[in-house]
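Here is a short briefing on the fold, the helix faces and one of the pockets. Please keep the sequence and the structure in view while reading.

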Amino acid sequence: MSEEKEAISEDLKNVFGFGAGSIIARVALAGLSGIPGWGILFGAGTTTWSETDQARFKKVLKTWLKLQEDEIKEIGKTLVEVMMRIDQADEKVRDRIESQEYLSLIKKCFRDWTAAESEKKRVLLRNLLANAASCKLTSDDVVRLFIEWIGQYSEIHFSIIACVHQNQGITRWQMWQKL
């Protein structure tokens, strides 16, 4: 698996190193340069784009790819933690984690992974997936709703909910002091 990843990384470096984007831009501008009177303008545009904007484009794309790589590592870490927390020897659990319903929950969790902007939210998603795999206390629709809430609300919202749950009749002032 890491050899495949290294090969892909090497391919991307080769594409950026040889300036494939620059070649495409030059071909497009060369085609447009056939229009009378516009050849000089497009020729100058080709040189300018290939030298300045190409460097910025490469930098932005490399940064984006690095962010994607970091997100994939976090997703992998979370999935490993989920699998470590569940009893994979149990046949019912194995059937559950291989089912389309459970896989759709995993997809939903990681579709908008940037929503898990903190370690605390990542832990909430991990716990939710582990519980959804090992026990069937609620329907998958409710689990999907929890996933949406984790993405939609901030950590402070969940802290307030926990505070109210642990201390019935708590006032706003008492919550403020606890948080």
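Buried here means under 20% relative accessible area, and exposed means over 50%. By that cut-off, 24% of the 179 residues of the protein chain count as buried. The model is a predicted one. The protein chain has nine helices and zero strands.

**Overall fold**

- From the N terminus on, the order of elements is α-α-α-α-α-α-α-α-α.
- Take the contacts between residues at least 6 apart in sequence: 63% of them join residues at least 24 apart.

**Helix H4**

- Helix H4 covers residues 91-98.
- Its buried residues are Val93, Arg96 and Ile97. They span an arc of only 90° around the axis, which puts them on the same side of H4.
- Glu91 and Glu98 are exposed, on the face of H4 turned away from the buried side.

**Helix H5**

- Helix H5 covers residues 100-111.
- Tyr102, Leu105, Ile106, Cys109 and Phe110 are the buried residues of H5. Down the axis of H5 they fall within an arc of 120°, so they line one face of the helix.
- The face turned away from that buried side carries Gln100, Lys107 and Arg111, which are exposed.

**Helix H7**

- Helix H7 runs over residues 140-152. Its 13 residues should span 18 Å at 1.5 Å a residue, and its end C-alpha atoms lie 18 Å apart, which agrees.
- Which residues of H7 are buried? They are Asp140, Val143, Ile147 and Ile150. These residues cover an arc of only 70° around the axis, which puts them on the same side of H7.
- An α-helix has 3.6 residues a turn, so residues three or four places apart point the same way.
- On the other side of H7, Asp141 and Gln152 are exposed.
- The cover over the buried residues of H7 includes helices H4, H5, H6 and H8.

**A buried arginine in H6**

- Arg126 lies in helix H6, which covers residues 119-134.
- Is Arg126 buried or exposed? Arg126 has a relative accessible area of 16%. The cut-off for buried is under 20%, so Arg126 counts as buried.
- Beyond its neighbours within four places in sequence, Arg126 is in contact with Thr78, Glu81, Val82 and Arg85.

**Cysteines**

- Cys109 is buried, at a relative accessible area of 3%. Cys109 is also one of the buried residues of H5.
- Cys163 is buried too, at 5% relative accessible area.
- How many disulfides are there? The count is zero, with a disulfide taken as a pair of cysteine sulfur atoms within 2.5 Å.

**The second largest pocket**

- The second largest pocket holds about 340 Å³ of space.
- Its lining consists of 14 residues. Leu124, Phe146, Ile150, Phe158 and Ile161 lie nearest the centre.
- H6, H7 and H8 are the elements that give two or more residues to this lining.
- Which element gives the most to the lining of the second largest pocket? H6 does, with six residues.

Methods. Residues numbered from 1 in each chain as written. Predicted model: local features only at pLDDT ≥ 70, side-chain atom pairs only at ≥ 80, totals over all residues. Heavy atoms only, no water. Helix = DSSP H or I, 4+ residues; strand = E, 2+ residues; numbered from the N terminus. Expected span 1.5 Å × (residues − 1). Buried < 20%, exposed > 50% of the residue type's maximum accessible area, 1.4 Å probe, protein only. Arc of directions from axis to C-beta. Contact = heavy atoms within 4.5 Å. 1 Å grid on protein atoms, 1.4 Å probe; cavity = no way out; pocket = protein on both sides within 12 Å on 5 of 7 lines; lining within 4 Å. Points joined across faces, edges and corners; volume = space filled by probe spheres on them.
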